[in-house]
Amino acid sequence: HAILAPNPHNRQPWLIDLVGSEELVFRADTERLLPATDPLNRPIVLGCGAFLEVFDLAARSLGRRAEITLWPEGEPDVRLDDRVVAHIKLVSEEVEADPLFEHITVRRTNRDPYEARAVEGAALTELGEAALRPSRASNLSVHSVEGGALRDDLRRLAWDAFEAEIKTPTAYQESVDLMRIGARQIAEHRDGLVMDGPMIEFAHAVGLLNHSVLADIEHPLVKQGYEAFRPLALEAPAFIWINSTDNTRTTQIEAGRAYARLNLAATRAGLAMHPWSQALQEYPEMAAFHARAEELMSAPSEARVQMFVRVGYGRQTGPAPRRGLSDHIRA
């Protein structure tokens with residue numbers, strides 16, 4: 001279940017060492033980072049937090065408590081290294097199953113257009129309440145907007161930052177390199193970003209669409225592709241974001257856990273969710289957008305916006321590929 005957790009660019013950067021039958025050592029796979037768009041490895045750590053939350057939910061469903069000790073060798077500083085992210089011990093005791101567990105296998109990141117109908121503020125508040133467990137994450141808060149000037153400002157920010165990333169060669173190329181075009185590449189890699197469907201298969205087969213074409217942002221097909229995202233941002237029905245009062249690695253893990261719960265709660269409520277992370281990224285070309293994001297979403301001083309997502313009603317989408325247990329378990 002844990003390998004179904006949401007994670008940036010679907011890199012699935014999770015390595016597990018088994019210690020007997022009741023303990024696990026969890027590390028981030030430093031070969032699967034995103035150096036261009038995530039130079040400080042913050043979203044990757046959030047993805048590790050999401051993994052731990054889904055693992056915990058699955059353990060509870062089996063009557064086990066996952067005793068998770070974070071960073072037993074100390075927190076990494078500027079960038080991730082080989083230090084252990086978490087030591088996990090499974091403890092048999094009476095625990096209450098979390099109803100969010102039932103939605104793990106149908107949770108999706110939905111990048112499609114959403115319906116025009118409004119999302120009620122009460123529904124967004126319920127998602128925020130589900131994201132944060134009272135027993136932890138006191139330095140996190142969840143906020144939302146479904147209308148008004150702030151939503152308009154966030155719509156514009158989402159698109160402007162998205163467009164800026166496309167026009168930043170190293171950042172854009174990172175996404176191109178991780179694009180899996182057609183069923184054969186998707187099956188081969190089982191990670192990354194995907195382009196599929198009959199028209200994609202045809203265009204790829206006849207040479208109209210490949211990684212060289214995708215790398216040219218002036219190519220008509222590429223322009224058409226990224227322009228399709230403009231209304232997704234500028235017509236987003238609502239946004240939710242997660243703030244933290246600090247930005248330690250432990251806080252990033254907790255924010256990732258909260259986002260996993262937020263996404264599962266949206267699934268339970270029949271809502272679609274899609275991160276718009278560009279404005280939160282920490283490379284030089286994004287600095288002005290990052291500052292604007294923290295201004296609009298009220299994250300002053302040492303505070304951070306950890307996640308920023310659009311929310312709405314959309315059709316059910318298929319699952320993202322996953323690499324399988326053998327690619328994650330090392331012993």
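**Close-up views of a predicted model**

View 1. The model is predicted: local features need pLDDT of at least 70, side-chain atom pairs count only at pLDDT 80 or more, and totals for chains, interfaces and linings use all residues. Residues are numbered from 1 along each chain as its sequence is written, and side-chain values use heavy atoms, leaving out hydrogens and water. Phe202, Val206, Leu208 and Leu221 make a nonpolar surface patch of about 370 Å² (residues with over 30% relative accessible area and no salt bridge, nonpolar side chains being joined within 5 Å; areas by the Shrake-Rupley method with a 1.4 Å probe, only the protein chains shown counting as cover).

**View 2. Asp17 in strand β1.** Asp17 is found in strand β1, residues 14-19. Asp17 counts as buried because its relative accessibility is 16% (buried is under 20%, exposed over 50%, partly exposed in between, with a 1.4 Å probe and protein chains only).

**View 3. The salt bridge of Glu295 and Arg292.** Glu295 forms a salt bridge with Arg292, with the closest N and O atoms 3.3 Å apart (a side-chain nitrogen of Lys or Arg within 4 Å of a carboxyl oxygen of Asp or Glu). Both residues lie in helix α11, residues 287-296, three residues apart, about one turn of the helix. Glu295 is exposed at 54% relative accessibility, whereas Arg292 is partly exposed at 32%.

How values were computed:
Patches are made of residues with over 30% relative accessible area and no salt bridge: like charges are joined within 9 Å, nonpolar side chains (Val, Leu, Ile, Met, Phe, Trp, Tyr) within 5 Å. Helices (H or I, at least four residues) and strands (E, at least two) are DSSP runs, numbered from the N terminus.
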